[in-house]
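Here is a walk through one protein structure, going from the overall fold down to a single side chain. Keep the coordinates open while reading.

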Amino acid sequence: MIDVEGFCEPRFAAVREALAALLGKDDVGASAAVYIDGEPVVDIWGGYADADRSVSWERDTIVGVNSTTKNMTALCALILADRGRLDLSAPVYAYWPEFAAAGKENVLVRHVLSHTAGLPHLAGPRAVEELYDRERVTAGLAAQAPDWEPGRAAGYHALTFGFLVGEIVRRITGRSLGEFFAEEVAEPLGADFHIGLPAEHDHRLAPLIPPPSLTDDYTADAPPGPDGVPRENTGAAVRVKDANSVAWRRAQIPAVNGFGNARSVALVQSVLANQGTAGGVRLLSPRGCEPAWQEVFRGEDRILGTPMCWTAGFGKFGNTFGWGGWGGSLVASDPGSRMTVAYVMNQMIDRDRQEDNRGMEIIMAAYSGLH
């Protein structure tokens, strides 16, 4: 059995056992955390930070969490809404006038947050390097026509979500989304999570490891369409080698380039599960948390090709809300039990080749501790 380090309340021993089992099977290095009432009850880690298994995964090891970043980006929008600076029912152009072009005057802020804005693809960029030019990408989105009538359908906005929400935040605050998150969320909470990673943290970063038998050219493929035929991957195809590059770390791609560990992911998201506070720090009011779990759209997601329930920034699954990242990271919050569970790892799994229930195993183990 792989050694698991860290702190775990006895009633949540099943979470430690679940992580140990994953580290003994599919995982190389990983961390898991559970917060209840905004306080940690599980904060554990183990394994290795590199594919050669020569560097131990330490307490402060961090890793790219890909789309688990979307949970952080959405929180920034909800904080501005709670402060009265952003109206989720307002048209996007009220904050970003150029956005009204090409028939987008009826795109509301909540459409952007709920993947119903009709802008699931970037029309321009074909190379990953083009994603690093925020001004060019957002100008392209402002000029782009929606793929469907906003609000009438959903389609996962894999990369565009972060640029759209990020530009709204920038227009209101004058700060990039990464700056706003650092100053208004991470710093008050003492959370070790970063959207775009400063160089001083590189030494503790665990690179992502491509799925077994695949190379670091492995990309996030577009899911098949409703007829089962794979869609053409429109826009830049991100490879593992891109997500591990220095240029990717230094950029701000607020849908996907967040870096942290399970502790920091769970700490930040526990704010929404605990009526706006974590660790005695209040980030938003109890009412300000509610859009995170209030349904905006329910139905078939045109990009994911599966039934989805989207809230203002999160996927909703029963009584929980949250989202996961390419390769396996995951966070889920349950406002009923005021619990948030996070799982972060470096070994990616390709769901097309192998079932990946790692994050769900951690979540189910956490629920067993509530009873």
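Accessible areas here come from the Shrake-Rupley method with a 1.4 Å probe. On that basis the protein, which is a predicted model, has an accessible surface of about 14600 Å². Carbon and sulfur atoms account for 49% of that surface.

The secondary structure consists of eleven helices and 14 strands. With 371 residues, the protein would have a radius of gyration of 21 Å by the globule rule; the value for the model is 19 Å, close to that figure, so the protein is as compact as a globular protein of that length. Along the principal axes, the C-alpha atoms fill a box of roughly 60 × 45 × 40 Å.

Of the 371 residues, 58% are buried. Among contacts with a separation of 6 or more, 67% are between residues 24 or more positions apart.

Is Thr 173 buried or exposed? Its relative accessible area is 17%, and buried means under 20%, so Thr 173 counts as buried. The side chain of Thr 173 makes two kinds of approach to backbone atoms: the oxygen of Val 169 is reached at 2.8 Å, and the nitrogen of Arg 175 at 3.1 Å. Setting aside neighbours within four places in sequence, Thr 173 is in contact with Leu 80, Arg 85 and Phe 180.

Conventions:
Residues are numbered from 1 along each chain as its sequence is written. This is a predicted model: local features need pLDDT of at least 70, side-chain atom pairs count only at pLDDT 80 or more; totals for chains, interfaces and linings use all residues. Side-chain values use heavy atoms; hydrogens and water are left out. Helices (H or I, at least four residues) and strands (E, at least two) are DSSP runs, numbered from the N terminus. The radius of gyration is taken over C-alpha atoms; the globule rule is 2.2 Å times the number of residues to the power 0.38. Buried means under 20% relative accessible area, exposed over 50%, partly exposed in between (1.4 Å probe, protein chains only). Contact means heavy atoms within 4.5 Å. A polar contact is a pair of N or O atoms within 3.5 Å; within protein, one must be able to donate a hydrogen and the other to accept it, and residues adjacent in sequence count only if both atoms are side-chain atoms.
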